[in-house]
Amino acid sequence: MTDVASEPGVRRAAPRRTRRPIPALVFLLLLALAALAVWFNVLGDEKARDEERAAACSSAVAAVPTAVDPATVTVNVLNASDVAGRAAEVAETLRSRSFQVGRTENDRADNEVTGVGEVRYGPGKEGLARFVALQLPGATLRQDTRADASIDIALGPDFAALASPDAVAAALVPPTGEAGACATTS
């Protein structure tokens, strides 16, 4: 008797392979876990971002006193740049804005002033320093050990001009509504 499978040209049916579903299910489970981890990360980042924004808004509103009369603030204008006469020009502008100007001279501090400049203040006077810093956008705040209530403005090499009175007034108005940076979201 001849075997049909041994005849040339006749193919014998291969044994049927059954697929194992476990590796595919493990892969899908790992994929779902990765997707969940990504979503938890995204939602956690959004919550942290909202908390940081709320903290920044509350500290920004509290840090700059809006009810300060410039006539009660004594400002020393110091020239830390190579441009002669710059401190005198800025002092005159501050006088026209009702500030009390104390000393006007070259900066004698040991630290090098970079950028637009520095606003220096004594202990407990950070709010006044932030108010004065509105006049000099981009200036860094630096606390020192002075005993008086004066505020120093040290003009740096990148100083171009004081902020306009309109820009200072706009900075003193706390943002409100949806257009404001500190608007509440739900």
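Trainee: Leu36: buried, exposed or partly exposed?
Mentor: Partly exposed, with a relative accessible area of 47%. Keep in mind that this is a predicted model.

Trainee: Where does Leu36 sit?
Mentor: In helix H1, which covers residues 21-63.

Trainee: Why would residues three or four places apart point the same way in a helix?
Mentor: An α-helix has 3.6 residues a turn, so residues at that spacing point the same way.

Trainee: Let's zoom out. How many helices and strands are there in the protein chain?
Mentor: The chain has 4 helices and 5 strands. The order from the N terminus is α-β-α-β-β-α-β-β-α.

Trainee: How much of the chain is buried?
Mentor: Of its 186 residues, 26% count as buried. The chain exposes about 13000 Å². Carbon and sulfur atoms supply 57% of that area.

Trainee: And what share of contacts join residues at least 24 apart?
Mentor: That share is 67%, among contacts between residues at least 6 apart in sequence.

Trainee: Now the inside. Which residues have the most contacts within the largest nonpolar core?
Mentor: Val75, Val77, Leu94 and Val132 do, in a core of 27 residues.

Trainee: Take Val77. What is it in contact with, leaving aside neighbours within four places in sequence?
Mentor: Its partners include Ala87, Val90, Ala91 and Leu94. Val101, Ile153 and Leu155 are also among them.

Trainee: And H3, which of its residues are buried?
Mentor: Ala129, Phe131, Val132 and Ala133. What covers them includes S1, S3, strand S4 (140-143), S5 and H4.

Trainee: Switching to Asn79. Where is it?
Mentor: In strand S1, residues 74-79.

Trainee: Is Asn79 buried or exposed?
Mentor: Buried, because its relative accessibility is 5% and the cut-off for buried is under 20%.

Trainee: What does the side chain of Asn79 pair with?
Mentor: The side chain of Ser81, through a polar contact of 2.7 Å. A polar atom of the Asn79 side chain also lies 2.6 Å from the backbone oxygen of Val83.

Trainee: Next, Ala163. Where is that?
Mentor: In the loop between S5 and H4. Ala163 counts as buried, at 9% relative accessibility.

Trainee: How many residues separate Ala163 from Leu134 in sequence?
Mentor: They are 29 residues apart. In space, C-alpha to C-alpha, they are 7.2 Å apart. Leu134 is also one of the contacts of Ala163, along with Arg97, Gln135, Pro137 and Val168, leaving aside neighbours within four places in sequence.

Trainee: Last one, Ser98. What is its phi near?
Mentor: Near 80°, a positive value in a residue other than glycine. Most residues other than glycine have a negative phi.

Trainee: Where is Ser98, then?
Mentor: In the loop between H2 and strand S2 (100-106). Ser98 is partly exposed, with a relative accessible area of 39%.

Key:
Residues numbered from 1 in each chain as written. Predicted model: local features only at pLDDT ≥ 70, side-chain atom pairs only at ≥ 80, totals over all residues. Heavy atoms only, no water. Helix = DSSP H or I, 4+ residues; strand = E, 2+ residues; numbered from the N terminus. Buried < 20%, exposed > 50% of the residue type's maximum accessible area, 1.4 Å probe, protein only. Polar contact = N/O pair within 3.5 Å; in protein donor to acceptor, adjacent residues only side chain to side chain. Core = buried A, V, L, I, M, F, W, Y, C linked by side-chain atoms within 4.5 Å. Contact = heavy atoms within 4.5 Å. Areas by Shrake-Rupley, 256 points an atom, 1.4 Å probe, with all protein chains shown as cover.
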